[in-house]
Amino acid sequence: MARLKLGVLISGRGSNLQSLIDACADPAFPAEIVLVISNIPNVQGLDRAEKANIPTKTINHKDYDAREKFDQALTETLQQAGVELVCLAGFMRIVTAQFLAHWPDQVINIHPSLLPAFKGIHVHERVIEAGVKFSGCTVHYVVPEMDAGPIITQACVPVKDEDTPDTLAARVLEQEHVIYPLAVRLIAEKRLQQ
Ligand code: GRF
């Protein structure tokens, strides 16, 4: 069976990208990464892709005077590569409604909280401050409203009394690396229902 063609968008470290690279290395996995795009030059995620012989492209948002033009460049580049599913993996830009209109139900994101709780940034600091006992991560479809799209899968972790944002982030990240490939597999195998 043909494998689902993924385009992964990153802005930095790329550990979630790595979890997808590792999953796709198994020929039985129903997806493959055909392109990695970073909006920031020379980030670690680009090195990870190059090491895996995956084509990369840097599209620097600073080279565009409007968000729509940047998003148009993303769309064209992804289309040229034949991408069928766009995976945001630590991509620190908000995508426009126009971008999403080009990719209906074809953009997913990973977020380090149990959405709909703790949308946005500085998640782990806010989780600890709120005093909740569990946190986690979510893979969801992307809609114009930030971190608000339909949830595909989640994982839960305990928040310990002694946690700092860094220790909690590390515990959550370990689960991110489990659920992102799982979500891609569910989509590729058409096992999700709206
Ligand atoms: C992850 O915690 C992800 O949930 C969030 O940004 C972080 C990216 O980490 N959106 P990495 O670049 O995948 O290592």
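## Lining of the largest pocket

Four elements, α1, β5, α5 (123-130) and α6 (165-188), each give at least two residues to the lining of the largest pocket. Of these, α6 supplies the largest share, 6 residues. Helices (H or I, at least four residues) and strands (E, at least two) are DSSP runs, numbered from the N terminus. The model is predicted: local features need pLDDT of at least 70 and side-chain atom pairs count only at pLDDT 80 or more, while totals for chains, interfaces and linings use all residues. Residues are numbered from 1 along each chain as its sequence is written, and side-chain values use heavy atoms, with hydrogens and water left out.

The lining of the largest pocket holds 42 residues, and Gly-90, Phe-91, Met-92, Ile-110 and Pro-112 lie nearest the centre. A pocket is found on a 1 Å grid over the protein atoms alone, as an open set of points where a 1.4 Å probe fits, with protein on both sides within 12 Å along at least five of seven lines; lining residues have an atom within 4 Å of a point. The space in the largest pocket is about 1,100 Å³, a volume being the space filled by probe spheres set on the points, which are joined across faces, edges and corners. By class, the lining has 22 nonpolar, 12 polar and 8 charged residues. Here Ala, Val, Leu, Ile, Met, Phe, Trp, Tyr, Cys and Pro count as nonpolar, Asp, Glu, Lys and Arg as charged, and the others, Gly among them, as polar.

## The ligand and its shell

The ligand takes up the space of the largest pocket (more than half of its atoms lie within 2 Å of the grid points). Both α1 (15-24) and β5 (107-111) give two or more residues to the shell around the ligand. Residues with a heavy atom within 4 Å count as near; they are Arg-13, Gly-14, Ser-15, Asn-16, Gly-90, Ile-110, His-111, Pro-112 and Glu-176. This shell divides into 2 nonpolar, 5 polar and 2 charged residues.

## Polar contacts

Polar contacts are pairs of N or O atoms within 3.5 Å. A ligand nitrogen is 3.2 Å from a backbone N or O atom of Ile-110.

## Backbone features

Leu-115 and Pro-116 are joined by a cis peptide bond, with omega about 10 degrees.

Conventions
A polar contact is a pair of N or O atoms within 3.5 Å; within protein, one must be able to donate a hydrogen and the other to accept it, and residues adjacent in sequence count only if both atoms are side-chain atoms.
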